[in-house]
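Subject: Structure handover

Hi,

Here is the structure for you to look over. My notes follow below it.

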Amino acid sequence: MYTVRSEIYSETNYQPESSENGQIVSKFRFRYPPPSDSDVVASVDNDGDLDVQRPLRGTIELEHSGATEIKLVGLQVWRGALLLADYLFAQRKELASKTIMELGAGVGLSSIAAAIHGSGQVYCTDVNLGNILELIRGNVQRNARLLQGQVSVLEYDFMAPKSQLSAELIEAIDVSDVIMAADVIYDDALTDAFVAVIEHIFARAKASGRPKCIYMALEKRYVFTLEDCDSVAPMYEHFLRRTAHKHPAGLSTVL
């Protein structure tokens with residue numbers, strides 16, 4: 001069986017340990033700036049020296065796979081999720097009270113990051129392949145001590161007809177202010193389905209009068225093809241073609 005492995009595992013030591021069910025548990029350390037000067041009251045220590053505000057630090061622990069076949073790549077952690085999580089930390093004040101939905105959440109890194117500073121609701125969604133929804137729930141529980149917001153895990157299959165979406169999922173779509181996704185562009189058929197999902201979400205936003213903002217993080221992966229005799233990024237280019245002339249109602253931001 002052909003398998004793929006996320007390149008981030010070889011770039012950084014995430015102190016992986018084996019889990020009881022044969023998966024891997026890794027530690028993703030993060031830090032973010034202290035509150036802005038306007039939010040901080042100057043203080044001194046016992047010697048009369050000024051206390052310096054230092055970056056705040058923490059660790060998100062995630063259970064995930066080390067290598068998978070293509071259809072189960074959501075069981076791994078990919079670079080786009082790290083980028084999106086970092087962006088959420090940087091925008092923590094602006095997003096603190098927002099209701100957020102993540103599409104194709106994988107093992108839940110970005111949704112957990114969103115709930116660390118946000119007091120609102122986070123909907124973490126993916127298609128339930130490889131028992132991934134149960135894995136996400138376990139990761140949310142594993143990091144519960146860090147979370148201010150509430151994380152709900154729901155199934156959202158991009159390929160499913162709209163008529164088959166659950167009432168709970170439809171309600172979650174309608175109440176969400178922010179839609180986010182990381183590294184969901186790696187297959188043309190999946191990309192087409194993802195674009196259709198976004199169109200559906202923003203059509204509902206227009207009908208309800210509740211605008212939405214979308215944040216996406218994706219890696220532009222290059223491959224060499226004989227057809228092009230060059231290094232190209234076919235999945236990324238397909239995504240651009242599918243979205244070039246679209247401007248869904250309610251679309252505020254694309255990252």
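N143 sits in the loop that joins helix 5 (132-142) to strand 6 (150-155). Helices (H or I, at least four residues) and strands (E, at least two) are DSSP runs, numbered from the N terminus.

Before the rest, the ground rules. This is a predicted model: local features need pLDDT of at least 70, side-chain atom pairs count only at pLDDT 80 or more, and totals for chains, interfaces and linings use all residues. Residues are numbered from 1 along each chain as its sequence is written, and side-chain values use heavy atoms, with hydrogens and water left out.

N143 has 0% relative accessibility, so it counts as buried. Buried means under 20% relative accessible area, exposed over 50%, partly exposed in between (1.4 Å probe, protein chains only). A polar atom of the N143 side chain lies 2.8 Å from the backbone oxygen of N139. Setting aside neighbours within four places in sequence, N143 touches T59, I60, E61, L62 and I112. Contact here means heavy atoms within 4.5 Å.

S65 is in the loop between strand 3 (56-64) and helix 2 (79-90). S65 is also buried, at 7% relative accessible area. Its side chain makes a polar contact with the side chain of Q23 (2.8 Å). A polar contact is a pair of N or O atoms within 3.5 Å; within protein, one must be able to donate a hydrogen and the other to accept it, and residues adjacent in sequence count only if both atoms are side-chain atoms. Beyond four places in sequence, the contacts of S65 are Y9, Q23, I24, L75 and Q76. S65 and S6 are 59 residues apart in sequence, and 9.6 Å apart C-alpha to C-alpha.

**Helix packing**

Helix 7 (residues 188-208) packs on helix 8 (residues 234-243) at about 30°, axes 10 Å apart. Axes are lines fitted to C-alpha atoms, for helices over the stretch in contact; angles run from 0 to 180 degrees between N-to-C directions. The pair is therefore roughly parallel. The cut-offs: under 35 degrees is roughly parallel, over 145 roughly antiparallel, 65 to 115 roughly perpendicular, the rest oblique. Helix 7 contributes D188, T191, D192, F194 and V195 to the contact, and helix 8 contributes M235, H238, F239, R242 and T243.

Helix 6 (residues 167-175) meets helix 7 at about 65°, axes 9 Å apart. Those two are therefore roughly perpendicular. I170, I173 and D174 of helix 6 face H200, I201 and R204 of helix 7 in the contact.

Best regards
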